[in-house]
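Dear colleague,

I am handing over the structure below, and after it you will find an account of what was found in it. Please keep it open while you read, so that you can look up each place as it is named.

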Amino acid sequence: MKILMVCLGNICRSPLAEGIMQHLADKAGLDWQVDSAGTGDWHVGRAPDRRSIKAAANEGINIAKQVCRLFRVKDFDEFDLILVMDKSNLSNVLALARNNEDRKKVKMLLGDQIVPDPYYDDAQFAPIFKLIEAGCNEIIKQYA
């Protein structure tokens, strides 16, 4: 299974989601590959936000080597499941879908709930980690 995590800038939520999902999948013995991308191109080529790196490290997950990239249409061909963090990400990704097959691959990580963007509040990174972790555990239950 190949999973792509998507948020706005690919520096806060989706790098955490990539690291968490890969960690949990590996721990469960699943042969899953996880990547992340953003719908905006402001941070392409950069590492994740230092606060995301710290939140992950505090839980024993190293995301420091990830590199921000932009979501691209060919991601629909390369991934089995595309998990977005909020409704804006959902709209942006679906706008690039070429057909129904592409659209079927796109889901919100938390179902109807959004993963709030912690960018403007340092105190939100640890709670967002836990929220994403819970969502990733649900995805593993559903798809493993």
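**What was found**

Gln33 is in contact with Met1, Lys2, Ile3 and Gln22, if its neighbours within four places in sequence are left aside. Please bear in mind from here on that this is a predicted model. Gln33 is found in strand 2, and the C-alpha atoms of Gln33 and Ile3, although 30 residues apart along the chain, are separated by 6.3 Å. Is Gln33 buried or partly exposed? Its relative accessibility is 45%, so Gln33 counts as partly exposed.

**The chain as a whole**

The protein chain holds 6 helices and 4 strands, and, read from the N terminus on, its elements follow the order β-α-β-α-α-β-α-α-β-α. Its radius of gyration is 14 Å, close to the 15 Å that the globule rule gives for 144 residues, and therefore the chain is as compact as a globular protein of that length. Along its principal axes, the C-alpha trace spans about 40 × 35 × 25 Å.

Of the 144 residues of the protein chain, 48% count as buried, while the chain exposes about 7,300 Å², of which carbon and sulfur atoms supply 49%. When contacts between residues at least 6 apart in sequence are considered, 71% of them join residues at least 24 apart.

**The nonpolar cores**

Which members of the largest nonpolar core touch the most other members? Among its 31 residues, these are Met5, Met21, Leu109 and Ile132. At least two residues of this core are supplied by each of strand 1 (2–7), helix 1 (13–27), helix 2 (50–57), strand 3 (81–84) and helix 6 (125–143), and helix 6 gives the largest share, with 7 residues. Not counting residues up to four places away in sequence, Ile132 touches Arg13, Leu16, Ala17, Ile20, Leu109 and Val115. Apart from this core lies another one, of 12 residues, including Leu4, Phe71, Phe76 and Ala97.

Asp75 has its place in helix 3, which covers residues 75–78. The relative accessible area of Asp75 is 0%, and buried means under 20%, so Asp75 is buried. With its neighbours within four places in sequence left aside, Asp75 is in contact with Leu4, Arg69, Leu70 and Ile82. The C-alpha atoms of Asp75 and Ala97 are separated by 9.9 Å, and these two residues are 22 residues apart along the chain.

Pro48, by contrast with a residue placed in a helix, lies in the loop between strand 2 (33–38) and helix 2. Pro48 counts as buried because its relative accessibility is 8%.

**Two asparagines**

Where does Asn10 lie? Asn10 belongs to the loop between strand 1 and helix 1, and its relative accessible area is 2%, so Asn10 is buried. Its backbone deserves a careful look: Asn10 has a positive phi of about 60°, although it is not a glycine. In general, most residues other than glycine have a negative phi.

Asn92 is found in helix 4, which runs over residues 87–96. At 34% relative accessibility, Asn92 counts as partly exposed, and the C-alpha atoms of Asn92 and Gly38, which are 54 residues apart along the chain, are separated by 9.9 Å.

With best wishes

Definitions and conventions
Residues are numbered from 1 along each chain as its sequence is written. This is a predicted model: local features need pLDDT of at least 70, side-chain atom pairs count only at pLDDT 80 or more; totals for chains, interfaces and linings use all residues. Side-chain values use heavy atoms; hydrogens and water are left out. A nonpolar core is a set of buried Ala, Val, Leu, Ile, Met, Phe, Trp, Tyr and Cys residues joined through side-chain atoms within 4.5 Å. Buried means under 20% relative accessible area, exposed over 50%, partly exposed in between (1.4 Å probe, protein chains only). Contact means heavy atoms within 4.5 Å. The radius of gyration is taken over C-alpha atoms; the globule rule is 2.2 Å times the number of residues to the power 0.38. Accessible areas come from the Shrake-Rupley method with a 1.4 Å probe; for residues, only the protein chains shown count as cover.
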